[in-house]
Amino acid sequence: MSFTVTYIVLKIFRSKEFRPAYKRLSEIRALVPRGTPLMACTATATRSIREEVVRTLEMAHHVTVSLSPNRSNIMYLVKKRTDPDTDFAELLSTLKQSLVQTPRVVVYCRTLMMCADLFSHFSYEMGDSQYFPPGAPRLSDYRLFGMFHASTPQHSKDVITADPHGVVRVVFASVAMGMGVDLRGVNMIIHYGASSSIEDYFQASGRGGRSGDQAQSIVYWKATDCPLRKAPYTTYHREVNEVRRYLENTSVCRRKLLLEYFDDSKSARPGSDPTVCCDVCATTRASQQAPRHVSTSLDPAEEAELLMNVLSCEDVDSPPDLSSEC
Ligand SMILES: [Zn+2]
């Protein structure tokens, strides 16, 4: 059998696991006639990554077409991670009250163990109400939350991914499966623990709000998630340090920081509505609108004396005495 190659389309994955493979993609060009058009597609990538793709694929005469990675309907928030009891109290409360009406949430976990721990915590807290409708069989098909990782049975994955309005409202996914969880109708992305790179974090966050509705991307983190590294740096150390700087930031708009990271200088600015842009913008706006309190340093005796002086000057029936000190 013979065939003719008219063009090549490559989808380049950014994740580190694919790097050794895609560095050999240029070998494909040796198998097709010279001059065969080549198109390479990648998800959100920095300028240096794009240049690396061009160089690796030996694209001598290329045209780059790129779109802004800005997702204006996603609000970025960062919180300190304490314990599941505290961190998930609000989500559990919503799930108990709203059941299948709960907006869909994906919780990315750093380890499989963490996935299992959170699943067990929700199971304990929800009790019999974790199955819907009430009285439904105690099967994963009827549970309001589920796990999504490499060992999850295919049937359970199908149940989770099939219907955005289905029973499963909260999905605990391992970060290793981050790129593989293709869910629709997700309104909230939670990273329970810091990501290993800004790229991974941003791409996983982009799983939310795909319908165009307002969505939130929340990171719960501890300093031990991403300890600061000192020179000499490896690529891994540099990426961890960038994540750490993003998470520790409390003064610059997070959207601006993320877009600057991806060299999108045109869009790298705060969102038009600070209340849904990021936690930094929302906090800044709230503090600007808060009523200002004027405090005095007078002690109670001084305040009483001042009050008496004022009262002694108040005599509405008398014309003001301009010679008085009052
Ligand atoms: Zn902002």
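**Figure 1. Packing around helix α7.** The buried residues of α7 pack against β3 (74-80), β4, β7 (186-192), β8 (215-221), α8 (235-248) and α9. Here, two residues are in contact if their C-beta atoms, placed from the backbone, lie within 7 Å. Helices (H or I, at least four residues) and strands (E, at least two) are DSSP runs, numbered from the N terminus. The model shown is predicted: local features need pLDDT of at least 70, side-chain atom pairs count only at pLDDT 80 or more, and totals for chains, interfaces and linings use all residues. Residues are numbered from 1 along each chain as its sequence is written. Look for E199, D200, Y201, F202, A204 and S205, the buried residues of α7. A residue is buried if 20 or more other C-beta atoms lie within 10 Å of its own, exposed if 12 or fewer, and partly exposed in between. Because six of the eight residues of α7 (residues 198-205) are buried, the helix is largely enclosed by the rest of the structure.

Figure 2. Six of the six residues of β4 are buried. R104, V106 and Y108 point one way from the strand, while V105, V107 and C109 point the other way. Strands pair if DSSP finds at least two bridges between them. With β7, β4 pairs in the parallel sense over six bridges, and V106 stands opposite I189 there. Strand β6 (residues 170-174) also runs parallel to β4, joined by five bridges; within β6, S174 is the bridge partner of C109.

**Figure 3. The largest nonpolar core, seen from V170.** A nonpolar core is a set of buried Ala, Val, Leu, Ile, Met, Phe, Trp, Tyr and Cys residues joined through C-beta atoms within 7 Å. The largest one has 56 residues, and V106, V107, Y108, C109, V170, V171 and I190 touch the most other members. Leaving out residues up to four places away in sequence, V170 touches L91, L95, V105, V107, F122, L144 and F145.

Figure 4. Most residues other than glycine have a negative phi, and most peptide bonds are trans. A cis bond, with omega about 0°, joins F132 and P133; P133 is in the loop between α5 (112-126) and β5 (145-148). L99 has a positive phi, near 50°, and sits in the loop between α4 (89-98) and β4 (104-109). For D263, phi is also positive, about 60°, and the residue is in the loop between α9 (254-261) and α10 (279-289). L99 is partly exposed, with 17 C-beta neighbours inside 10 Å, and D263 is partly exposed with 16 other C-beta atoms within 10 Å.
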